Amino acid sequence: MTTSMSRRNLLVASGAAAAALALPAPATASPARGGADVVLAWNRELLTIVRTPGLQPATVHATRGFALLHAAIHDAVVATTGTGRPYLFTVDAPPHAAPEAAAAQAAHDVLAALYPARSAELANLLSGQLARLTPAGRDAGARAGHLVAHLLLGLRANDGSAAVPPVLPPGTAPGEYRPTPPAFAPAAFTHWAAVTPFVLDRANRFRPGAYPALSGAAYAKALREVAAAGRDTSTTRTAGETEQARFWAARSGTTGTRSPSRWPAAPAPVSSSRPGCSPA
């Protein structure tokens, strides 16, 4: 049985899932660390996918895939451990269901639906993880994970991500898009503001206020601050601010856009060294 729940904050979903997987395991489950490794393995798999030319659709932001992957893992683990709150669905699972199997099956089914060209590699990863579990716990957990993925993919099937991005004409007037070097590329993901949010009730919930007048003192002060901190020979920018700028300016080798693959990759070295932790 499943129960649909109202949208609630999805805070560190896969982190909570990995923490639950790292708790003392039942007799049907693999060792505790192996459970957290399931999450890390699927996170690495998706990182590989989005970094491979031709696999990530050019008009679908890769962050959608990461959100779906980790929301599915989270709900699958919640269903089989009874620990934590589900994102949108509660799924009934028997007590002997292995959470590792649920997480692996949910992750596989999400990525197989999003990246069918990668089906063979995804199937191999799944089979290797399930092979370590006893049949009863494995099969019950896999059924729960499959159902979670099915429900989540159905929920997001018409979320607006498949829309054709409208062309945003470049211009030089205030507020108009200006192509920037080195590629002077057209605006990307112009449809993304209309995609159904995963956590927020509406996309414009936290929009900033209006810009200050371009002829006013506040705008002039802000412009001078940005110019001073942003130039390559800046004497006001700290080393930490420089590191942050390089992180956010990093571009994907496959799309030329800001690379979302750096975000879920960043916590991995830390989480791998701390028991019970995994990238969120």
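Does D201 count as buried or exposed? D201 counts as exposed, at 53% relative accessibility; exposed means over 50% relative accessible area, buried under 20%, and partly exposed in between (1.4 Å probe, protein chains only).

The model is predicted: local features need pLDDT of at least 70, side-chain atom pairs count only at pLDDT 80 or more, and totals for chains, interfaces and linings use all residues. Residues are numbered from 1 along each chain as its sequence is written, and side-chain values use heavy atoms, leaving out hydrogens and water.

**Overall layout**

- The protein has 10 helices and 2 strands, which are DSSP runs (helices H or I, at least four residues; strands E, at least two) numbered from the N terminus.
- From the N terminus on, the order of elements is β-α-α-α-β-α-α-α-α-α-α-α.
- Of the 280 residues in the protein, 36% are buried.

- Leaving aside residues up to four places away in sequence, W42 touches several residues, among them L69, I73, H108, L111 and Q129; contact means heavy atoms within 4.5 Å.

**Salt bridges**

- The whole structure holds 5 salt bridges, each a side-chain nitrogen of Lys or Arg within 4 Å of a carboxyl oxygen of Asp or Glu.
- D159 and R64 form one of these, at 2.9 Å from N to O; D159 lies in the loop between α6 and α7 (217-230) and R64 in helix α3, 95 residues apart.
- D159 also bridges to R156, with the closest N and O atoms 3.0 Å apart, and R64, R156 and D159 are linked in a network.
- R156 counts as buried because its relative accessibility is 4%.
- R205 and D201 meet at 3.9 Å, N to O; R205 is partly exposed, at 38% relative accessibility.

**Aromatic rings**

- R156 lies over the face of F198, 3.6 Å from the ring centre; a charge sits over a ring if NZ of Lys or CZ of Arg is within 6 Å of the ring centre and within 35 degrees of the ring normal.
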